[in-house]
Amino acid sequence: MDRSKNHITPPRLAQRLLCWFLKEELAEEVLGDLEEKFYVTLEKKSKRKAKRNYWYQVIRYIRPFAIRRIIVKHSNSTTMYRHFLKISLRNLSRHKVLSGIKIGGFSIGITACILISLFIAHETSYDKRYKDGDQLFRIANEYSDTGYFGRWTNLQGPFKPVLEEHIPEIEQISRVVLWKWGNVGENHVRKVEATQNIYEEGFFYSDPELLEVLEIPMIYGDQKLALSSPNHMVISQRKADKYFPNENPVGRQMVLNDNANTTYTIGGVMKDFPLNSHLQGDFIMTLKGRTVGPGSSDWCCSNYDFYVKLTASADKSAVEEKLVTIRDTYVIDQLKAANDEIEDIQNNQKYYLQPIQNIYLNQEEVGDHISHGSIYAVWVFGAIAGVILLLASINFINLSTAKSIKRAQEVGLRKVVGSFRSNLIQQFLSESIVYSVLSMILGIILAYLFLPTFNQIADKSLVIPLGTWWFFPLLLLAALVIGVISGIYPAFYLSHFKPITVLRGSLTSGKKATSLRSGMVVFQFTATIILITGALVTHQQFDHYMNKSLGYQKDQVINILGLNSLDSMERDLLKNEILNQSAVQSASLGDYLPVAGSNITNFGFQLDGASTLDAGFEAARWIIDEDYLNTMGMSIVSGRDFNDELADENSIIINETMAEAFDLDDAVGIQLVDMFDGKYQVIGVVEDFYFESLTADIRPLAMVKGKGRSTLSIKLSTEELEAAMSTISTIWSQIEPNQPIRYSFLDERFERMYDSFSRAKTLFITFSVLSIVVACLGLFALSAYSVEQRSKEVSIRKVLGANSNLIFVLLAKDFLKLVGIAILIAVPIGWYAMDGLLQDLANRIELSWQVFALGALVALLIAFLTISAESIKAAIANPATKLRSE
């Protein structure tokens with residue numbers, strides 16, 4: 001047979017595989033037999049079949065050897081890892097303090113990571129439940145001009161039929177009214193046959209299509225029909241269980257605010273909105289047959305939010321281009337008909353589609369009427385969790401390498417008796433993973449224990465998903481990853497020692513390892529100082545808001561709420577009866593308050609005689625009575641207040657910002673025109689006061705005369721609030737016996753405006769403390785080992801005459817020097833970070849060096865106290881005790 005035919009040889013890979021499994025003498029014989037068969041097959045058949053037959057023969061030969069090798073290897077691996085586990089547990093029990101610090105630091109970092117991960121997962125889960133979520137959008141406005149950029153949601157009511165007619169890609173569309181108008185927000189309700197009114201929140205208006213657009217599941221009633229008739233509403237399952245337990249309430253009627261002339265028929269019962277929905281409510285009232293606010297049926301006023309569902313094949317960008325086309329071809333014509341200035345709109349304003357998943361975190365910063373989370377909070381707290389876990393990992397690395405001399409003999413002996421470096425690396429990584437797994441178990445327990453407190457601080461209802469299939473496997477994987485990452489450097493470092501160097505006793509820790517540990521300590525305290533200064537700055541900014549002069553007096557002002565169930569005569573009677581009490585200084589019927597949750601109305605204003613809206617702008621418009629400014633402690637800087645004895649129906653009071661916007665040195669007597677052609681004469685200018693968040697600048701504000709329907713504000717002249725409220729409650733029950741009195745204090749409502757800021761501050765401080773604890777645990781252990789390594793040196797110095805103070809300075813200065821370096825690095829980084837965090841806030845504090853000096857001093861003091869215990873113990877120890885063994 002010609003074995004050189006075309007120089008074809010058996011497959012090399014198959015030959016190597018065979019040699020790997022078989023002993024050398026057996027492999028040579030088998031290879032010869034297989035080669036004979038290969039060339040016989042090659043002569044009779046094709047090259048492809050010869051090679052395939054060769055592989056088949058190789059696999060037949062190695063199969064029993066492979067199975068045996070795998071079994072033996074598995075058995076050996078099991079024995080080896082069992083041995084590693086025993087060594088790890090033995091080292092853990094032998095060095096209890098060190099092990100406790102390692103596990104404690106790790107578990108604190110893991111606890112912080114679990115809690116913050118639950119928070120981040122919740123914040124990023126909003127509106128992800130929709131089956132057709134990628135087709136759901138909210139229409140928003142975008143205005144961009146030189147020096148100004150803004151986004152908001154409100155659109156005109158007639159925009160809906162225009163969109164339905166001109167954009168076939170829109171499958172469904174629904175308007176929603178969320179701003180505080182009419183019955184939106186809170187009401188007192190009762191079943192039509194009941195007499196007692198009950199306070200409820202969560203009312204809003206929508207078109208019937210909303211139930212289908214947002215895929216709201218129904219318990220009772222039909223999605224298409226539930227809101228299809230005037231004065232119908234859909235209630236949530238929890239409210240149905242409250243008012244109509246164990247029955248189908250469809251068709252039943254309810255009364256709002258004791259207005260029996262207009263009853264609401266229940267058209268359906270929906271499932272409760274999930275907690276991770278940006279839209280929340282228990283009562284959806286239909287817009288069928290209803291207009292909202294003045295001018296809602298024409299193009300002058302923007303009162304509605306628009307939700308749309310696009311067809312599956314629709315392109316978002318193409319729809320946005322059509323929106324611009326509609327603006328230019330149809331909307332502009334309507335605005336011309338309304339005598340509005342349209343050039344600015346055409347040049348600078350456009351519409352765009354905001355994905356429903358983006359609404360809650362609101363990265364686009366769209367102005368609307370719902371509560372939002374903060375993408376910045378997600379990033380900041382995520383970064384803090386990562387930093388704390390990194391600090392814990394650094395502790396592990398530092399402590400593992402710091403005790404390297406103690407483990408050097410173990411490494412040397414193992415290498416002498418035949419251990420490979422790979423075996424030692426596996427052993428040290430196994431120890432790291434054991435620490436990580438134990439820390440993970442303790443971290444889960446701590447997270448479970450502290451979750452209620454975290455929920456209270458963060459105002460969330462987070463739960464640990466213990467019952468899900470993926471939770472524990474994910475934690476186990478995380479423990480393995482953390483263990484490997486934290487242990488990989490110590491494993492390679494400890495396993496590199498040379499046996500001869502170790503056994504001669506000439507091993508030192510080395511400058512490289514010492515420098516690395518020093519660098520890690522610097523990093524730990526740099527991160528800790530930045531967190532401390534961040535917490536101090538956040539606390540200082542919050543205190544600045546709480547103590548800032550607001551332009552009105554919020555103390556000892558009580559708001560009696562729910563007056564919309566009374567008629568106008570009863571409201572006047574209530575006010576007059578309360579004013580007759582000696583403890584009452586003044587009282588005002590007004591629904592507009594300088595706190596969150598109050599009425600919001602915006603009108604366009606311009607000077608009388610101006611030809612276009614270029615001379616005007618939008619301002620907040622309030623309705624107040626003649627006692628409002630006095631009750632709120634607001635000051636008139638020019639002109640006068642409203643007066644019952646004068647004809648003030650066409651008078652208006654503006655704030656200083658509005659006067660400045662009109663460039664008026666003396667605004668009193670000036671005529672203004674609103675967007676409905678109402679003409680007003682300015683009779684007074686009120687000193688600027690904050691009627692929205694302190695995080696924003698004061699806007700123009702105009703106040704016209706009138707009476708509120710839902711709120712009576714009372715200024716008390718006494719600090720005996722309990723007695724005053726008892727008297728007020730008695731008066732209320734005499735006028736409205738079927739409704740419990742409901743009231744709030746203005747100063748408490750003001751503080752609630754900054755609850756989210758307060759929660760962020762508390763969380764910031766909490767996690768800063770955790771980072772300090774983790775860093776100090778590591779510093780304590782490192783100082784203890786440093787003192788132990790230098791114990792002979794210290795004893796000799798004391799014998800030669802060094803006093804305790806000098807010994808203490810000798811041991812402490814190196815660590816304090818590292819903290820000093822961390823301060824020099826942390827201060828400029830912290831300054832830059834805090835300045836960036838505050839730059840978009842109105843009324844921000846100015847950063848001062850004192851805050852950063854205090855943060856540095858706190859870190860230095862904590863570090864000093866941490867290392868003092870071991871240093872003092874070594875400084876006062878008897879040197880004879882240590883030197884006796886020498």
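Biologist: Which residues are buried in helix 5?

Modeller: First, this is a predicted model, where local features need pLDDT of at least 70, side-chain atom pairs count only at pLDDT 80 or more, and totals for chains, interfaces and linings use all residues. Residues are numbered from 1 along each chain as its sequence is written, and side-chain values use heavy atoms, without hydrogens and water. Buried means under 20% relative accessible area, exposed over 50%, and partly exposed in between (1.4 Å probe, protein chains only). Helices (H or I, at least four residues) and strands (E, at least two) are DSSP runs, numbered from the N terminus. In helix 5 (residues 159-166), the buried residues are Phe159, Lys160, Val162 and Leu163. They lie on the same side of helix 5, because their arc around the axis is only 165 degrees.

Biologist: How many salt bridges does the structure hold?

Modeller: Side chains of opposite charge can pair when their charged atoms come close. The cut-off is a side-chain nitrogen of Lys or Arg within 4 Å of a carboxyl oxygen of Asp or Glu. The structure holds 30 salt bridges. Lys160 joins Arg175, Asp207 and Glu209 in a network of them.

Biologist: Which residue forms a salt bridge with Arg190?

Modeller: Asp258 does, at 3.0 Å from N to O. This pair links distant parts of the chain, 68 residues apart. Arg190 is in strand 5 (residues 185-191), and Asp258 is in the loop between strand 9 (253-256) and strand 10 (263-270). Arg190 is buried, at 10% relative accessible area. Asp258 has 27%, so Asp258 is partly exposed.

Terms used: Arc of directions from axis to C-beta.
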